[in-house]
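Please examine the sequence and the structure shown below.

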Amino acid sequence: MFSYCTDPDALDRLRWLSCYLTTGVHFSFYLSFLKVIGILAVTAPVALAFGFFGAMSARSSIAPVSWLGKGYIAVVRGVPDIAFFLFFVIALDQGFEWLRHQALCPDWTDPIRQGNDFLVCPQAKLPLGTAPQAVHQTYAFGLAVVTFALVFGAFAANVIFGAMRAVPKAQLETAEAYGMSPRQTFWRILVPQMWVYALPGLSNLWQVLIKATPLLFLLGIEDVVYWARELGGTKTARFTAYPHGDWRMWYFLALLVFYLFMTWGSEKILSRLMTRLTRGQATTGGEAQRRGAAA
Amino acid sequence: MKSILLSTVAVAMTATLALADGHSVVRMGTEGAYPPYNFINDAGDVDGFERELGDELCVRAELTCEWVKNDWDSIIPNLVSSNYDTIMAGMSITDERDEVIDFTQDYFPPTASAYVGASDGADWENGVVAAQTATIQAGHIAEGSATLVEFATPEETVAAVRNGEADAVFADADYLAPLVEASGGDLVFIGPDVPLGGGVGMGLRESDTELKEKFDAAITSMKEDGTLNTLLVKWFGEGTAQY
Amino acid sequence: MSCVQTIQDYALRSIGIGERLLPRSDFTVCEQVVLIGSGMIWNVYFGFMALATGFFLATAVALGKGSANPWLRKPAELYVFLFRGSPLFIQFFFAYFVFLNLKRVYPFFDPFTAAWLGALIVLFLNTGAYSAQIFHGALQSIPKGEVEAADAYGLSGWSRFRRIIWPTMLRLAWPAYTNEAIFLFHATTLVYFSGFPAWQQRGDALYYASYFADKTFNPFVPYPILAGYFILLTLVIIGGFGLVNRRLNRHLPANARSKMKLRPNLIR
C-alpha cells in the first residue's frame, strides 16, 4: 500500500503495522464487515415481509391457511436456528435446482441422485456452470439471505401477529361504523396502528439479527469470523512478508467491539423511532408525551 | 497486459468449443489454509504448490480455471453438489473418500505423516494428539491409543501444541516441516513417520469422467517432462519425494 | 448390528463410555438417533449448569443495576451491556483465546480451555447478563403497595428482600425467564462450533449431527433428528418452568394468575 512497504522486516513497529494492516488480505477482511452490514440491510426488509405474510396467514379465517401460518411460526421457533442454517442452505439449493430441472429439462432420463451426487441437467444448475465467480458468490449470499429471512420471518410473524391483536378493538369498530369494508379496515386502520405495538418486539428482533450474523460463517460465506481466524493464526516467514504469532485473540476483540458498536448504535436509533411512533397513540407512552407537551 | 488478456480469451474459446458438458469454466475448490500446498497470500489470493500446479494443468488441458475457497469440513459435500468441479487441497487418496468421489492419479507421491511436539519427550503414543477434523490423520489417531483432539483448521492443530493444549500434532510431514524450521526449536519432530494414504490427488465428481481424463492426461505429461518435479522441489525443498 | 447393540455401544459415547470409534460406514438411522441423543447429554449439561449458576449471578447483578450507589450500578450496567450487546458465538471464540493466553502464564487456567469448563463459564456469564436484565425489569415493576405493606409489618433489609421482593420479582419475571431458558438450551449447540475443540470425538448433539451430515452427504436425516430432540427438550423445559410458575402464583385468585406466554427466542 505505502511506498515504504517493500521491505517490511526493516521497518519500525508502527510503520510495520501500517503496512500489515493494509495488505490485500486485510482489505478482504474489511470488506467482510461491509458484507455483514449488507446482509443486515437486505435481510431485515425481507424478513419483515415474511413476517407480515406469516402473520396475515396466521390470522386468516380460512383454516388451512391459518394452520400454515401458525405451523411456520411454531416449527421455526422450536428448533435451534443454527440447525436450520446448516440444513436450509443445502436444502434450498437442491430444491431450486430440482424445480428448474423439472421445468427446463423434461426429457432428462438420468436419475437426479446418482449415488452421492446430486445431478441436474446443466441448464438447471444454479448458478450456471459457466457463470463467473462473482455470480456464484452472489448466489451464496442470496441463499444466506433467504435462510436468515425464513428464520427471522417466523419471529417477526409472531411479533406482528401479537401487535395486530393489541390494536384496540374500538378503533376497528369505529372504522366499521364509518362503513369501511374489512379490507379497508385492515389496510387503513389495523396496519398503520399496529406498528407502535410491534416496534418493541421488532427492535429486539433486530438486535438478535445483528448478533446472529457471525453464523454466516457456518453458511460458507467468507465473513468476519472466517477472516479473523485466517488472519489471526500464526504466520511463518516462508509464506508471508508479515510473520507473526497467534493473534486471534486481538482479531476477535476487534469483532466484539464492532458488534458492541452496532448494537449500541441501533439501540439509540430505535429508541428515537419509538418516540416518533408513540406520538398521539392511545398508550401510556403516548399519554406521557401529550402531558409533557402540554406542560 | 493485453496479450495476456487475449490469450486467456483464446483459451476460454477453445475450452468452450472443446467442452460440450457445460464446463466452460472449471471451478477449482481448495481450502487456502494448508501451506505450502495452498494458502492465502498477502494480496488475498490463493497461492502455493497446488495453485501453480493447477494453473499449469488447466493450460495443458486447455481449460479456463477459477479458484474457489471452501472450508475443509464441507469440501467434499460441496463438490458433490456441484458448487465447484475439482478439489485440490492436499487431499490424500483414500478408499473411504474414493467411494464418494473420484481421484485423478496422484500429483504428490505417497508421503509420511509425522508427529510434532514441543519437546523430544512429548508423549505421542498415549498422550493428547491434535489433528484436523475429517483427515486421514484424525482417523489414524482415533484408532490408536492416544487421545484425539480435533480442530477445524490445520493451523489450529499446531497452535494447540504451541500453547500446551495437546502433547503432539499429527499431520503431513510436508506441512509440518516449514513450521518446525521456523519455530526456532519450539517445535520438534518426534516419533516415527507413518505412511498414510495413497498420495495426494485431485478430487472430482464420480460422474465427471471426461474432466478426470483430461486432468489425468495433463498430470501424466507433467510427470513425463519433469515439470512436476521442478514444482515439487520449488515448494517442498530438495529433500522431498519426486517422480 | 441390532439397534439394542447400538444403544449399548453409543448411548453414552459423548461422555466417553462405550465404543471408542464412531461408526465409519453403512450408517443406520438407529446409529444417528442414538449418537445425536448421546450428544444431547452435553446440551443438557451446559444448559442446566449455566442456568443453575447464572440464576444467582443474575439476581445479584439485577440488584446492583437497581442500586442507587454508582459503584454498584455502573459495573452491573457495563457487564450487562457487554454480554447482551455482542454475539455469543464471538464470545465463545474470544473467551477460548483469552483462556489460552492466561494458561500460558498461570497453570491454574489449564482446565479452562476445555469446553466443559470454559464454555460453561461463557454461558454462565451470558445467561447471567440476559437474566439480570429480565430480573431488573421485574424489580422495577414490583407494585409499590407490596413494599409499603412490608414496611408496615416491620420487615426490612434481608427479610424484606427474602420474603417479599424476591418472590414477587420471580413471579413477574418468570414467563420471560422461561424464554431465556429455552433460548439458552438452544445456544448450547454453538459450543463445539466455536473455538472449543472436541476431545476424542465427544461432542454435543449438533457435533454428531454434522458428523453424520458430513459422512453421509445427506443433511435430510441427521438435522431433522436433532430438531426432534430439541423440540422435545423445549417441551420439557416449558413443562418444568410451568410447574414453578404455578407454585409462584398459587396465592393469587385463579383469574389473576399470569398465564405463561411462550415466546421461545433465537440465537443471541
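Which side chain of opposite charge is nearest to B:D102, and how many Å away is it? The nearest one is B:K212, 4.1 Å away. This is a predicted model, in which local features need pLDDT of at least 70, side-chain atom pairs count only at pLDDT 80 or more, and totals for chains, interfaces and linings use all residues. Residues are numbered from 1 along each chain as its sequence is written, chains are lettered from A and ligands numbered from 1 in the order in which they are written, and side-chain values use heavy atoms, without hydrogens and water.

**The charged residue**
- B:D102 lies in strand 7 (residues 102–108) of chain B; strands are DSSP runs of E with at least two residues, numbered from the N terminus.

**Aromatic rings**
- The whole structure holds 61 aromatic pairs over all chains; rings of Phe, Tyr and Trp (its six-membered ring) pair if their centres lie within 6.5 Å, with planes under 30 degrees apart counted as stacked, over 60 as edge-to-face and the rest as tilted.
- C:Y96 and C:F196 form an edge-to-face pair, 5.2 Å centre to centre with 65 degrees between the planes.
- Both C:Y96 and C:F196 are buried.
- C:F108 and C:F109 also form an edge-to-face pair, at 5.3 Å and 80 degrees.
- C:F109 counts as buried because its relative accessibility is 17%.
- A:F27, A:F29, A:Y30, A:F33, A:Y251, A:F258 and A:Y259 form one aromatic cluster.

Note on methods. Buried means under 20% relative accessible area, exposed over 50%, partly exposed in between (1.4 Å probe, protein chains only). Helices (H or I, at least four residues) and strands (E, at least two) are DSSP runs, numbered from the N terminus. Lys and Arg count as positive and Asp and Glu as negative; His and the chain ends are not counted. A salt bridge is a side-chain nitrogen of Lys or Arg within 4 Å of a carboxyl oxygen of Asp or Glu.
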